Amino acid sequence: MRNDQNMAAAALLHDMAALQPNERSQFGYKRAAKAIIGLPVSVADLVAAGTLREIEFVGPASARIVTEVVQQGRSPTVEAAIAGSGTPSLVLSRRQYRHAYLSHFALQQALNARARKSVVSRADYRGDFQMHSTWSDGGETIERMAEACLELGHTCLGITDHSYGLPIARGISMTDAARQHQEIDRLNAALAGRFRVFKGIEANILLDGSLDLKPSERSRFEFVVASPHSQLRRTEDQTSRMLGAVMSAGVAILGHPRGRVFNTRPGVNADWRRVFDAAAGRRVAIELDGNWHRQDIDFELARVALDAGCVFALDSDAHSIGELRFSEYAIAHARPAGSPKARVINCWSNEALGEWMAERR
C-alpha cells in the first residue's frame, strides 16, 4: 500500500521513542504512535482541519512530527534527532521491523477499494483457520469462539491450539486433544446446518525443519498449521527450515511464515520464492496472519506467493473474541496482492475444505 501517511508518521514516532533517555519519554512517543496507527481517518485530514491535537495521547512534540510528515513527506525534527544521537544505525536498523504493515486507516482503504470481481473480499470470507482456545493459551472456549464467529457472519472455523512442543503457550497434549475433539463433535452436532468447527492444531517448526508433532499425531487432526516460534532473530538463511516444514507429511498451512513482529523483529530470512514454489506444488496454503503485530505475510510477499501459484489462508490468529477482527488485516493484505477468492481456503465450501484437508493428510 502506497502513501500510508498514518503508518509513516507512526514509524517516525517510534524512531523518536528509540532515541529517548528514559522509559517515560519513550512510552509517550510509543503511545502516540499507537494512537495514530489505530485512527479510522487520515492524519492528513486531521492536520488540514487543525484537529490533530484532539487525538488522545498525541502531544505537541508528536503532533509536530506528524504534521511534518503530512506537509513535507519527511520529518526534519526526527532527522535532526537521529543525526545528533551518535548512534543513528541503531535507530535506522529498526525500520526494517516496520516494513509493509498497514495502519487501521490503510486497512479500511484496502477493504473498500475497487478491485477485480475475482479478488477476495470480506463478503467472500466464510471462516478463520487459525485461532486458539482455553485448551492452550486462548482466553475463550471453542463454543464462545464459534458463537462470536457466527455473529461476524462466518459459517465455519478451524481451531488450532498450540501443540505440546510449545510449553510457553500451554501446548495441548494428545490426551487433551482427544478430549477436545469430543467437545468439537458435540458442538458440531448442536450447530449442524449453521456452523462447522474443523479440528486443527498449530505445530511448531523446529530449527532443522521438523515439527514437534510426529506424523502419526498429525493424522489425528483434520489439518495442521506449521509455524515458526523460535530462532526468529537469526540473520542466516533458513530456507531449508521452511522447506522442511512445507514438505512435512500432514501440513496444510504454513503459518505466519516469517514470524515477524512489528518494531521488534523482522523474522525468518529465507528464499521465499523457493518456499512458495514448494508449497504450491504440494498445495500447502500460505498464511496471511492478520494479528496486527504480525501482518505476516504482507501484501508484497503475497504477490510473490501468488505468482508461484500458492493458495492462501487468511487468518486472525485470535486468542480472544476481540482479536477475531484481525482477519480483516489478512484480507486487507490479500486484496492489493490481487489474490483471487478461488485461491483462498477461507472462501471454500465445507466440502472443498474437507477434500483439501484429506489430501494433505
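**Overview**

Glu328 counts as buried at 15% relative accessibility, where buried means under 20% relative accessible area, exposed over 50%, and partly exposed in between (1.4 Å probe, protein chains only). The model is predicted: local features need pLDDT of at least 70 and side-chain atom pairs count only at pLDDT 80 or more, whereas totals for chains, interfaces and linings use all residues. Residues are numbered from 1 along each chain as its sequence is written, and side-chain values use heavy atoms, with hydrogens and water left out.

**Salt bridges**

- The whole structure holds 19 salt bridges, a salt bridge being a side-chain nitrogen of Lys or Arg within 4 Å of a carboxyl oxygen of Asp or Glu.
- Glu328 pairs with Arg325 in one of these, with the closest N and O atoms 3.3 Å apart; Arg325 is partly exposed, at 49% relative accessibility.
- Arg273 and Asp277 form a salt bridge whose closest N and O atoms are 3.0 Å apart. Both residues belong to helix α12 (residues 272–282) and are four residues apart, about one turn of the helix. Helices (H or I, at least four residues) and strands (E, at least two) are DSSP runs, numbered from the N terminus.
- Arg273 is partly exposed, with a relative accessible area of 32%, and Asp277 is partly exposed, with 38%.
- A salt bridge also joins the side chains of Arg283 and Glu359 (3.6 Å, N to O). Because Arg283 is in the loop between α12 and β6 (285–289) and Glu359 is in helix α15 (residues 350–360), the pair ties together parts that are 76 residues apart in sequence.
- Arg258, Arg260, Asp296 and Asp298 are linked in a salt-bridge network.

**Nonpolar cores**

- The largest nonpolar core has 103 residues, of which Ile36, Val197, Leu254, Phe276, Phe312 and Leu314 touch the most other members. Such a core is a set of buried Ala, Val, Leu, Ile, Met, Phe, Trp, Tyr and Cys residues joined through side-chain atoms within 4.5 Å.
- Helix α1 (residues 5–18) supplies the largest share of this core, seven residues.
- A second, separate core of 15 residues includes Phe198, Ile253, Ala313 and Trp356.
- Beyond its neighbours within four places in sequence, Leu314 is in contact with residues including Val120, Tyr125, Leu288 and Ala330, contact meaning heavy atoms within 4.5 Å.

**Ser327**

- Ser327 is placed in helix α14 (residues 327–337) and is buried, with a relative accessible area of 4%.
- Leaving aside neighbours within four places in sequence, Ser327 is in contact with Tyr125, Asp128, Asp315 and Ser316.

**Helix α9**

- In α9, the buried residues are Met174, Ala177, Gln180, His181, Ile184, Leu187 and Asn188. Seen down the axis of α9, these buried residues fall within an arc of 125°, so they line one face of the helix; the arc is that of the directions from the helix axis to the C-beta atoms.
- Thr175, Arg186, Ala189 and Ala190 are exposed on the other side of α9.
- The cover over the buried residues of α9 includes α8 (142–151), β2 (156–162), β3 (196–205) and α10 (215–218).

**Cysteines**

- The whole structure contains zero disulfides, a disulfide being a pair of cysteine sulfur atoms within 2.5 Å.
- Cys149 is in no disulfide, and the nearest cysteine sulfur, that of Cys156, is 8.7 Å away. Cys149 is buried, with a relative accessible area of 0%.
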